[in-house]
Amino acid sequence: MRGAISSGMLLALEQLGLRDSIDEVVGTSAGALAGAFFVTGKGTAGSVLYYTVLNSERFVNRRRLMTDGAVMDLDYLFDEAFPAHGFVWDDLIDSDIPLWATVTPADDSDSPRSYRVGESAEHAREVLAATSCLPVMAGATRFVGGRPYVDGGMIEAVPWETALRRGATHVLVIRSRGYNIDNKIEPHTLLERAAAKRFVRRVHGEVVAEHVKNSTELFWKSTESLRCVVEGSASAVLEDGKDVRIEAVLPAPETDLPDRLEVDTHVLMDALTAGSQAMLDFVDLEGFAVEQRVVITHPRAPIGRIRTNSLRPIVIDRREIQR
């Protein structure tokens with residue numbers, strides 16, 4: 001649910017008409033889901049999911065954990081909610097911007113990897129389900145091409161290193177939270193510890209249980225490396241010796257971050273707004289403001305499509321003046 005912030009960042013990029021500035025998107029978990037809407041030009045419609053679907057009991061229901069059910073219903077999300085909000089799987093396959101998603105192997109015979117989301121509609125759904133399959137919380141292990149996987153965030157929550165391995169020389173990292181200023185590793189919540197102890201080994205096996213155990217430390221190491229590169233105290237170099245430019249967009253320090261299973265509509269709408277504002281601050285465009293819109297989804301109150309390129313001339317002119 002913290003993905004509402006990064007979804008807001010993508011929403012700002014789309015509505016500023018800057019989508020075409022991106023050559024490729026690499027996402028993990030909620031970032032991959034938001035990326036799917038972004039690369040198909042439907043980021044505005046996708047952002048609405050956070051305060052209309054993802055926070056509903058139909059999708060998130062903690063009581064299901066007590067009956068060995070999935071707290072998050074991914075099948076409902078992909079099969080009903082996505083189409084209801086204008087998502088078309090074929091658009092993802094035909095998108096001019098490739099989307100890649102990272103996944104975590106559920107057995108020791110496979111290695112961490114990323115998949116291109118778009119070989120076919122069935123394959124795209126498999127990959128998105130796997131990258132967002134938070135152990136236990138999202139149900140049983142998911143399969144891609146017959147191989148078992150769970151949430152990519154277990155080993156690479158912020159997949160900037162995958163982007164580098166794919167040869168990227170300019171990387172814009174969008175983050176759903178800031179750096180750990182006190183350098184302390186964020187512990188698992190009580191619910192996560194209880195779930196890991198009681199369910200993970202039974203539902204997913206020993207390999208995933210180890211991934212869950214080590215996930216917070218891996219996250220801390222990856223984000224600390226990212227911070228050092230962005231701030232200039234370390235450098236990233238590709239195998240061919242090319243220097244890499246990496247920049248990161250972070251929410252403002254005062255942002256009220258959603259919990260992992262946040263369902264409060266106001267918190268999620270504020271998170272979307274905070275993410276959009278963070279992107280506006282990053283691109284340094286004066287005179288622009290974020291306005292949170294309530295979208296009416298009743299069939300008799302249709303909303304026209306957003307002209308995502310309508311602001312582009314203004315953006316270009318203003319950037320030239322500021323330079």
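Author: A helix here is a DSSP run of H or I with at least four residues, and helices are numbered from the N terminus. Please keep in mind that this is a predicted model.

Side chains of opposite charge can pair when their charged atoms come close. A salt bridge is counted when a side-chain nitrogen of Lys or Arg lies within 4 Å of a carboxyl oxygen of Asp or Glu, and by this rule the count comes to 17 salt bridges.

Glu217 and Lys221 form a salt bridge in which the closest N and O atoms are 3.4 Å apart. Both residues belong to helix H11, which covers residues 206-231, and because they are four residues apart in that helix, about one helical turn separates them. Glu217 is partly exposed, with a relative accessible area of 38%, and Lys221 also counts as partly exposed, at 43%.

Other salt bridges share partners, and in this way Asp75, Asp79, Arg125 and Arg142 are joined into one network. Within that group, the side chains of Arg125 and Asp75 meet at 2.9 Å, taken from N to O. This pair links distant parts of the chain, since Arg125 is in helix H7 and Asp75 is in helix H5, 50 residues apart. Arg125 is partly exposed, with a relative accessible area of 21%, and Asp75 is likewise partly exposed, at 33%.

The two helices that carry this pair also pack against each other. Two packed helices are described by the angle between their axes and the distance between the axes. For H5 (residues 74-84) and H7, the angle is about 145° and the axes are 10 Å apart, while the crossing is right-handed. On the H5 side the contact is made by Leu74, Asp75, Phe78 and Asp79, and on the H7 side by Arg125, Leu128 and Ala129. Sorted by class, this contact has four nonpolar residues, three charged residues and no polar ones. Asp75 and Arg125, the salt-bridge partners, are therefore also among the residues that make the contact between the helices.

One further pair is Glu57 and Arg63, which form a salt bridge with their closest N and O atoms 3.2 Å apart. Arg63 is exposed, with a relative accessible area of 55%, because a residue over 50% is counted in that class.

Methods
Residues numbered from 1 in each chain as written. Predicted model: local features only at pLDDT ≥ 70, side-chain atom pairs only at ≥ 80, totals over all residues. Heavy atoms only, no water. Axes fitted to C-alpha atoms, helices over the stretch in contact; angles between N-to-C directions. Helix = DSSP H or I, 4+ residues; strand = E, 2+ residues; numbered from the N terminus. Left-handed = near helix turned anticlockwise from the far one by under 90°. Contact = heavy atoms within 4.5 Å. Nonpolar A, V, L, I, M, F, W, Y, C, P; charged D, E, K, R; others polar. Buried < 20%, exposed > 50% of the residue type's maximum accessible area, 1.4 Å probe, protein only.
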